Amino acid sequence: MAIQRMDNVGIVVEDMDAAIAFFVEIGMELEGRAVVEGPVADQCTGLDGVRCDIAMVRTPDGHSRLELAKYRSPAVISAGPRSRPHNILGTHRVMFAVDDLEDTVARLRPHGAELVGEITRGRRCR
């Protein structure tokens, strides 16, 4: 049996409104917001007493989605310094194709985006 599609990638955020604004600025569309809690949420996360605000944003083509999550309980655990090395285990990137990279970066700076290095051009891996 093969998978049908990748449904979404989840990202835990501190500020839901700011996160939504960031992804909408690059062209994603807000699909909806909800609160999740109860036994199913506990079972899906492996945590007890989950109460979480979520928002789903999707790419304009409708094929890719990000689930943004802001935990009310249990309390959010800090991942440590934000300047962690790139080779630490876990999710380290969500990548998008855009029409104009420099324009996109300029529009995202007011939303807290920062370049790690400089913009470079490379070939796509497939």
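This report describes the fold, the sheet, the helix packing and the salt bridges of a predicted model.

## Overall architecture

The secondary structure of the chain consists of three helices and four strands. Read from the N terminus, these elements follow the order β-α-β-α-β-β-α. Of the 126 residues in the chain, 18% are buried. Among contacts with a separation of 6 or more, 52% involve residues 24 or more positions apart.

## The sheet

The four strands form an open sheet with mixed pairing, arranged in the order S1-S4-S3-S2. Strand S1 (9–12) and strand S2 (29–37) are the edge strands, each of which pairs on one side only. On average, neighbouring strands of this sheet are turned by 25° against each other, direction ignored.

Strand S3 (residues 51–58) pairs with S2 in the antiparallel sense over eight bridges. Within this pairing, isoleucine 54 in S3 is the bridge partner of alanine 34, and methionine 56 in S3 stands opposite glycine 32. S3 also pairs with S4 in the antiparallel sense, again over eight bridges; here aspartate 53 stands opposite lysine 70 in S4. S3 is largely enclosed by the rest of the structure, because six of its eight residues are buried. The hairpin of S3 and S4 has six residues between the strands, and glycine 62 in this hairpin takes a positive phi near 80°.

## Helix H1 against the sheet

Helix H1 lies across S1, S2, S3 and strand S4 (65–73), and runs at about 170° to S4. Aspartate 17 belongs to helix H1 and arginine 33 to strand S2, so that the pair links distant parts of the chain, 16 residues apart. Aspartate 17 counts as exposed, at 51% relative accessibility, whereas arginine 33 is partly exposed, with a relative accessible area of 49%. The two residues fall into separate classes because exposed means over 50% relative accessible area.

## Helix H3 and its buried side

Which residues of helix H3 (residues 101–108) are buried? They are Thr104, Val105 and Leu108. These residues lie on the same side of H3, because they cover an arc of only 100° around the axis. In general, an α-helix has 3.6 residues a turn, so residues three or four places apart point the same way. Helix H1 (16–25) is included in what covers the buried residues of H3.

Threonine 104, found in helix H3, has a relative accessible area of 7% and is therefore buried. Apart from neighbours within four places in sequence, threonine 104 is in contact with Ile26 and Val98. At the start of H3, a side-chain oxygen of aspartate 100 comes to within 3.3 Å of the backbone nitrogen of glutamate 102.

Arginine 107 is paired with glutamate 25, and their closest N and O atoms are 2.9 Å apart. The pair links distant parts of the chain, with arginine 107 in helix H3 and glutamate 25 in helix H1, 82 residues apart. Both partners are partly exposed: arginine 107 has a relative accessible area of 29%, and glutamate 25 has a relative accessibility of 27%.

## Salt bridges and the charged network

The count of salt bridges in the model comes to nine. One of them is formed by aspartate 7 and arginine 65, whose closest N and O atoms are 2.9 Å apart. Because aspartate 7 lies in the segment before S1 and arginine 65 in strand S4, this pair ties together parts that are 58 residues apart in sequence. Aspartate 7 counts as partly exposed at 31% relative accessibility, and arginine 65 is likewise partly exposed, with a relative accessible area of 21%.

Aspartate 7 and arginine 65 also belong to a network: salt bridges that share partners join Asp7, Glu29, Glu31, Arg58 and Arg65.

Note on methods
Residues are numbered from 1 along each chain as its sequence is written. This is a predicted model: local features need pLDDT of at least 70, side-chain atom pairs count only at pLDDT 80 or more; totals for chains, interfaces and linings use all residues. Side-chain values use heavy atoms; hydrogens and water are left out. Buried means under 20% relative accessible area, exposed over 50%, partly exposed in between (1.4 Å probe, protein chains only). Helices (H or I, at least four residues) and strands (E, at least two) are DSSP runs, numbered from the N terminus. The arc is that of the directions from the helix axis to the C-beta atoms. Contact means heavy atoms within 4.5 Å. A polar contact is a pair of N or O atoms within 3.5 Å; within protein, one must be able to donate a hydrogen and the other to accept it, and residues adjacent in sequence count only if both atoms are side-chain atoms. Two strands pair if DSSP finds at least two bridges between them. Axes are lines fitted to C-alpha atoms, for helices over the stretch in contact, and angles run from 0 to 180 degrees between N-to-C directions. A salt bridge is a side-chain nitrogen of Lys or Arg within 4 Å of a carboxyl oxygen of Asp or Glu.
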